[in-house]
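The sequence and the structure are shown first, and a description follows.

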Amino acid sequence: MNLGLEGRVALVTAASRGLGRASAAALSREGARLVICARGEDALGEAAAQMAGEVLAVAADVTATETPQRLVDAAVERFGRLDVLVANAGGPPPGRALEPDDAAFEAALNANLMTSIRLVRSAVPHMTTNGWGRICLITSSAVKQPIPHLTLSNTARAGLWAWAKTAAADLFPLGITLNLACPGSHATERARALGTAGVMGDPEDFGRVVAFLCSEPAGFISGAALQVDGASTAALL
Ligand code: NAD
């Protein structure tokens, strides 16, 4: 299948490792030109070197308030346009419902809710100009079924899902789709750090799913939260 991504410009955040990196790699293999970010320059440079095509690597903390606009500006300055946004950030620490304090909630809401909203806000004007855009927010299967020991993630991502439903309806008439890619357990450093056991998905496959959601033929898929979880989520909706 031709995904129609040749020559498109894609911004993928938190992309030096794991699911963000795999998403960037899949888009790159489809011919997209990339802007990627992560905090550490070494890992970012190593990731950029592994991509198939042209890449601008920007060392930045995506959760800092000013970073999303800076990344979008860098994409437009380098490539003259922005077509695809894959919004990703590191996941919050574990904890049951009553364990995290206010500061922990604020940090999680900033990283896993507000950062995605800021990225979309900065990217949309460029997509609107072109009448075409694809936005994929990497979240978690927890948007459909909260995970008992990941209360910070559950809370931030459910909020993002509610926001995304509203945003998708606003953006679709402008030629822009917005979807969530919701990983279950995948074999990344985060999964290892959380001690995840059992059958795990391949991050490279997850990246290909993200590339499909950002593709030309996926143009009528918007407002979806796609579980990529090997049937581990029991929720019906
Ligand atoms: P990972 O820890 O393997 O990789 C995270 C990537 O994000 C790295 O490249 C890291 O450098 C970058 N990063 C982290 N914080 C950043 C910041 N503030 N600014 C810029 N870059 C930053 O994680 P992963 O497993 O790929 O997970 C990606 C997202 O998916 C996370 O939000 C995670 O919670 C979520 N998720 C993962 C799984 C899983 O099984 N892997 C399951 C559900 C949800």
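Two strands are said to pair if DSSP finds at least two bridges between them. In this predicted model, seven strands make up an open sheet, and their order is E3-E2-E1-E4-E5-E6-E7. The pairing within the sheet is parallel. Its edges are strand E3, residues 55–59, and strand E7, residues 225–228, each of which pairs on one side only. On average, and with direction ignored, neighbouring strands of the sheet are turned by 15° against each other.

Strand E6, which covers residues 176–183, runs parallel to E7 and is joined to E7 by four bridges. Leu180 has Ala225 in E7 as its bridge partner.

## Helices on the sheet

Helix H7, formed by residues 203–213, packs on the sheet. H7 touches strand E4 (84–87), strand E5 (133–138), E6 and E7. The direction of H7 makes about 165° with that of E6.

Helix H3, formed by residues 67–79, lies across strand E1 (9–12), strand E2 (33–38) and E3. Relative to E3, helix H3 runs at about 150°.

## The ligand and its surroundings

The ligand is surrounded by 28 residues, and the closest are Ser16, Leu19, Ala89, His186 and Thr188. By class, this shell holds nine nonpolar, 13 polar and six charged residues. Helix H1 (18–29) and helix H6 (189–193) each contribute at least two residues to the shell. The largest share, three residues, comes from H6.

A polar backbone atom of Gly184 is 3.2 Å from a ligand oxygen atom. For Gly91, a backbone N or O atom lies 3.4 Å from an oxygen atom of the ligand. A polar backbone atom of Glu189 is likewise 3.4 Å from an oxygen atom of the ligand. On its own, the ligand has 830 Å² of accessible area, and the protein covers 91% of this area.

## Residues with positive phi

Ala14, found in the loop between E1 and H1, has a positive phi of about 50° although it is not a glycine. Ala231 belongs to the segment after E7. The phi of Ala231 is near 65°, which is a positive value in a residue other than glycine.

Terms used
Residues are numbered from 1 along each chain as its sequence is written. This is a predicted model: local features need pLDDT of at least 70, side-chain atom pairs count only at pLDDT 80 or more; totals for chains, interfaces and linings use all residues. Side-chain values use heavy atoms; hydrogens and water are left out. A residue is near a molecule or strand if one of its heavy atoms lies within 4 Å of it. A polar contact is a pair of N or O atoms within 3.5 Å; within protein, one must be able to donate a hydrogen and the other to accept it, and residues adjacent in sequence count only if both atoms are side-chain atoms. Accessible areas come from the Shrake-Rupley method with a 1.4 Å probe; for residues, only the protein chains shown count as cover. Ala, Val, Leu, Ile, Met, Phe, Trp, Tyr, Cys and Pro count as nonpolar, Asp, Glu, Lys and Arg as charged, and the others, Gly among them, as polar. Axes are lines fitted to C-alpha atoms, for helices over the stretch in contact, and angles run from 0 to 180 degrees between N-to-C directions. Contact means heavy atoms within 4.5 Å.
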